[in-house]
Every structure is written in structure tokens, then in C-alpha cells.
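Here are my notes on the model you sent over. Have it open while you read, and go through the points in order.

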Amino acid sequence: DPPVMPHESVLGALARSVSCARLYRKSLLIDSGVEFPEGVPHEDLFYTYKILRLAQSIGECREYIYSWRQRQGSLGRSLTQAHIDILSRLRRDTYDYLKKVGASDREYAFAARRNLSLITWFRAKARKADPEVREAYFKMVAESLNEIAADLGKYQTLKFPNDEIPAKVASLIKEVKRTTAGSVNDGED
């Protein structure tokens, strides 16, 4: 496989996007013009790959020097309407940014991988969520089938061996069609 750049790794959900697990030069943060969006869960997803893409150099520390504790009721363990709403916004923001910076097709493919990874990751959380949130999740997926298909096409250009994402997406689409029977077309457009 070709080497993956650090920003591609974060952009493609191959590495965590948490920005607190990294150290940054203050000048990079100030000069970049990249800002955290306010009031959205998982704001790191909007931020970290952009900063890493702009960095002139990146180093890595292989020692564990940061501890992360997740409470039982934390956002990372649950699914809310805010999480569901963020997926479409993240997709638009990412593709707008990639277009603005003249990104390569490869970067779009990594972004597509992240979109697909997140939507399938949220599936497990949706199954455990309140009925209203679960229904909202499946409705959002049903309304996003064209975008999911486009992302799948972009992503498959990367040809990752043994990647489970295409199978997870296919399974999700089948479940969505069963769950929302009658309100989802069969993709025949």
C-alpha cells in the first residue's frame, strides 16, 4: 500500500481525529485560519485533518503520555440528534474545504472513507439509542443514499485490502431499506 500522510490518516479515519492528543506550534494555529466550529459534537473531525494538512513537519511520540477517560454518559458513548445532524454538515464542510485547497482525488477518497466509517459506526450506537434517535438515524441514512453511493465510489479507488467498510455499508443500506420500507427507493434512479 502506498504510504499514508498524517492528514490522510486522520481524514480517512485510519487514525483518531482527537486534537487534544497532539501538540501544535502556536504559529500554525494562529496563521492557519482554521477554527473549531462552535456547538457541535466531534468538532475535532472538522479541524484536525486541516491543521495536519497545513503543517510543514510532523513528529510522532510512541510513548503513552496522554490518558483519556470516557464517562458512562459521555458523547462518545451515545448517539443524539446532534450527532446525526453533524454527519451531513461534516461531509459538506470537508468537501468544501478540499475543493478550496485544490485537494487530490486521493484526499477526496480518504474523506469518503471517513464519511462511510462514521455512518456505519453510528449504526451500532443507533441500535442502542432511544427509539426517536434510532428512527432519526435511519431516516438520515435513507435520505443520504445518493451521497453514500458517491462516497463509496470515491473510496473504492483507494483499494484498501481486507477493508470491511463496503460490506458494512451494504449491510447498513439493507437494514435501512427494511427499517424504512416504503419511504426509501431501491436506488434505481
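**Notes on the helix packing**

1. Let's start with one crossing: H6 goes past H8 in a left-handed crossing. Their axes lie 10 Å apart and the packing angle is about 110 degrees. Angles from 65 to 115 degrees count as roughly perpendicular, so H6 is roughly perpendicular to H8.

2. Which residues do the touching here? From H6 you have Tyr137, Phe138, Val141 and Ala142, and they meet Leu172, Glu175, Val176 and Thr179 of H8. Sorted by type, the residues of this contact are 6 nonpolar, 1 polar and 1 charged.

3. Now step back for a moment. Keep in mind that this is a predicted model. The protein chain has 8 helices and 0 strands, so to read it from the N terminus is to read α-α-α-α-α-α-α-α. Of its 189 residues, 39% count as buried.

4. The axes of H5 and H6 come within 9 Å and cross at roughly 155 degrees. Anything over 145 degrees counts as roughly antiparallel, so H5 is roughly antiparallel to H6. This crossing of H5 and H6 is left-handed.

5. On the H5 side, look for Ile119, Phe122, Arg123, Ala126 and Arg127; on the H6 side, they meet Arg134, Tyr137, Met140 and Val141. Here the residues divide into 6 nonpolar, no polar and 3 charged.

6. Next, the inside. In soluble globular proteins, nonpolar side chains tend to be buried together. The largest nonpolar core in this model has 43 residues, and the members that touch the most others are Leu79, Leu98, Ile119, Tyr137 and Val141. Helices giving two or more residues to the core are H1 (6-11), H3 (44-54), H4 (81-100), H5 (105-128), H6 (131-143), H7 (145-155) and H8 (165-179). Which helix gives the largest share? That is H5, with 10 residues.

7. Last, pick out Ile119 and look around it. What does Ile119 contact once you set aside its neighbours within four places in sequence? The list is Leu87, Tyr137, Met140, Val141, Ile148 and Leu172.

Terms used: Residues numbered from 1 in each chain as written. Predicted model: local features only at pLDDT ≥ 70, side-chain atom pairs only at ≥ 80, totals over all residues. Heavy atoms only, no water. Core = buried A, V, L, I, M, F, W, Y, C linked by side-chain atoms within 4.5 Å. Buried < 20%, exposed > 50% of the residue type's maximum accessible area, 1.4 Å probe, protein only. Helix = DSSP H or I, 4+ residues; strand = E, 2+ residues; numbered from the N terminus. Contact = heavy atoms within 4.5 Å. Axes fitted to C-alpha atoms, helices over the stretch in contact; angles between N-to-C directions. Parallel < 35°, antiparallel > 145°, perpendicular 65-115°, else oblique. Left-handed = near helix turned anticlockwise from the far one by under 90°. Nonpolar A, V, L, I, M, F, W, Y, C, P; charged D, E, K, R; others polar.
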